[in-house]
Amino acid sequence: MEETSREAVATAVQRVAGMLQRSDQLDKVEQYRRREARKKASVEARLKAAIQSQLDGVRTGLTQLHSALLDVKDIQSSLADVSKDWRQSINTIENLKDVKDAVVQHSQLASAVENLKNIFSVPEIVADTQQLIEQAELLQAHRKLMELECSRDDLMYEQYRMDSKNTSDMNLISIYFEDVQGLSDELAKQLWMVLQRSMVTVRRDPTMLVSVVRIIEREEKIDRRMVDRKKQTGFIPPGRPKRWKDKMFEVLEATVSTRIEGTQSVTREADKMWLVRLLEITRKYVLDDLIVVQNLMVQCFPPHYNTFNRFFGLYHNAVSSRVKELASEDLEANEIVSLLTWVLNTYKSTEMMGHPELRVECDINHLEPLLPQDVVDELLSKYVQTFTSNITGWLRKALETDKKDWQKETEPEADQDGYYQTTLPAIVFQMFEQNLQVAAQIDGDFKEQVLRLCLKQMNTFLIRYREEAVLYKEEHMRDRQLPQCYVQYMIAIINNCQTFKESINSLKRKYSQSSEPTDSDAAIERTLNEVAKEGCQFLLDEVFLDLEHHLYELLTRKWLTGSHAVDTICVTVEDYFNDFNKIKKPFNQEMTSEALRRVVVEYIKAVMQKRITFKSADERREGSERMIKEADQFKFLFRKLAAGEDTDWLCGAIAAIAEVFKLTDPTLLFLEVTTLVSKYPDIREEHIQALLAVRGDASREMRQMIIGTLSENKVSYSGVTQPIFKDITVPTITMTTMTTMTSMATAKLLK
């Protein structure tokens, strides 16, 4: 206390010192005193109020504790009185055992009296119930049945309570009520029959279905009551629990399964489209039934049955089981496609489970797959194997049919642009298109797989196609009169290659997600180009076989004195090109360029074969003028056939050689040869020697000088780089060759 007082005094001194730090503040001492007095009074008032409040709370708490103590004493006294009364009543309770037994007996007798009327009328009620069941009055029959069962169960329960070990009395009651169980079974059969025809019943007489559901619900309640009583007493009547609700769902499940299994009306032997029909009937039945369930049957069942979802699941499971059975059968390729298309696409589409009327109630995305993925993969693998085998056979048959057309005496058909063609590309790609359309219905990845398979088979087929084209040409070479339309059908074969290219690109654009070229694409492109180029070469061979005799006349004495060989060559080439115009681009352009080039090459070959040697300047002039004239003939023909392409450089080679022959001054021969070499750099030494030999006036020394000078000084060439002389060989004259040529000349003279 003293410590607190000292601290208070010290604090007060500090406050006063803080207030009176200046002399002018002494005048305000009285003012400070009054202010501090007011503060002190305020603090004292608050302290008094707080202490008073605490004292009031303590006083109230003490009063409540005193009251609680009195209550505890009263309770203790009452408990003592109860304990005393209980001890005094024990003997009295033991004396009431006889009364208790009498009460039990009275209860049993009361139950017997209550059921006495029913006991005596059991046979009559059984007969009435049987009649009601036969008349399909199911609710009335069930009410009668419940009365019988109630009487039996009450009697058995009372007997069980009185003497649970007395089985003879229990058996006596059971025998007396033995017809009741038969009635229950008979009624159950009627209920199951109605449920089995529920789809028809709900349309014609929904009240019948409602009655069945009400009966089952009643039995469910009785089952629950009996089970609860068993837990308490250990007694349960015979036949309980019936579990008719569970049986109802089993019957509905079996009905749905039977409905789905009964959709197959035909077999494969009777109808090739049996599976398509089966799946369509299944789709229609399932959709119609579920719509009936949603619109009618749901109203016949209690809401907690979740009727629509339950039926939705039943139908899904039944369809899944049926589809698995179908998948396990030995299905053909088209049947596999039909099944997978239906399973993967149709089933969840708006045509079936995804129908707008059904989607309101159920989410099809939560459905389990109809077929496990391993089964789907197995079916796809089986389809691919079958498809590969089938398509190989189809392509073989298509090629055999096309080969028969090659032997026809009539020209092949032409397309709208006038190009020859056969039906082979259309047949092949119609097969591919049909199978790809089918594969696209199944799955995008599977579509890509089938496309790759088609292209792979196409490459194998084209190799065979190429072989058959070669055999066709070889067969024609054995007898050039047959087939009559060899040229036209060879043109059609070439055109088919371009059609194949266009069709393949069309299929890839339509059915492939990837635009990247594959190895198979490159192989197909390569094979098609080879077939087309070989076909063009076969046609050129045909042309030059007809020209062979006329080409042999070139640069001979007969040619020098007057020959129409070039005229015939031009007419023949132009006549062939009337057919060659029906070759599609780009092969027609390549064909034209190669044909014109080969005409010039054959002409120059005739020069290089040294069939003639000019003996005088007049012969050289006459020969060169004739060559220039024939070069102009070729130039006119080439311009006509090449349709705007620059072909003058080809004929220019003949004119350039003619200029070498035309030169009258041998001293300028080196310059002329140099000019020729600069224009055609692929000309070789043996070519120059052959030209000089044909000219006939170049001495050995001059030839050696020209060749040597050209070898030492590489001539710069001007412009033309496409080879002409590259494929021209100069024959070497040996003794055997001379003998052969002499024999041929002698034979001609004899003719």
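R243 sits in the loop between α9 (206–233) and α10, where helices such as these are DSSP runs (H or I, at least four residues) numbered from the N terminus. Its phi is near 55°, a positive value in a residue other than glycine. At 49% relative accessibility, R243 counts as partly exposed; the cut-offs are under 20% relative accessible area for buried, over 50% for exposed and partly exposed in between, with a 1.4 Å probe and protein chains only.

Before going on, a word on the model. It is a predicted one, where local features need pLDDT of at least 70 and side-chain atom pairs count only at pLDDT 80 or more, while totals for chains, interfaces and linings use all residues. Residues are numbered from 1 along each chain as its sequence is written, and side-chain values use heavy atoms, with hydrogens and water left out.

**Other loops**

L555 also has a positive phi near 55°, and its loop runs between α19 (519–553) and α20 (557–561). Is L555 buried or exposed? L555 is buried, with a relative accessible area of 0%.

Then there are the cis peptide bonds. One joins L482 and P483, with omega about -15°, and P483 belongs to the loop between α17 (444–478) and α18 (486–511). Another goes from K585 to P586, with omega near 0°; P586 lies in the loop between α21 (565–580) and α22 (587–608).

**Domains**

The protein chain splits into domain 1 (33–247), domain 2 (263–371), domain 3 (377–534) and domain 4 (554–712), with bounds that come from an automatic or database domain assignment. Between the C-alpha centres of domain 1 and domain 3 there are 85 Å.

**A helix with two sides**

Helix α4 (residues 122–134) has 13 residues and reaches 18 Å from its first C-alpha to its last, close to the 18 Å expected at 1.5 Å a residue. That expected span is 1.5 Å times one less than the number of residues. Buried in α4 are V122, I125, V126, T129, L132 and I133. They cover an arc of only 130° around the axis, so they are on the same side of α4; the arc is that of the directions from the helix axis to the C-beta atoms. The face turned away from the buried side carries the exposed P123, E124 and E134. After α4 comes A136, with a positive phi near 65°.

On a 1 Å grid over the protein atoms alone, a cavity is a set of points where a 1.4 Å probe fits but cannot get out; a pocket is an open set with protein on both sides within 12 Å along at least five of seven lines, and lining residues have an atom within 4 Å of a point.

| Space | Volume |
|---|---|
| Second largest pocket | about 380 Å³ |
| Largest cavity | about 50 Å³ |

A volume here is the space filled by probe spheres set on the points, with grid points joined across faces, edges and corners.

Of the 23 residues lining the second largest pocket, the closest to its centre are V276, N334, V337, S338 and Q441. Where does this pocket lie? Domain 2 and domain 3 both give residues to its lining, so the second largest pocket lies between them. The largest share of that lining, 8 residues, comes from α13.

The largest cavity is lined by I260, L278, L279, T282, V319, R322, V323, L326 and W342. Helix α12 gives the most to this lining, with 4 residues.
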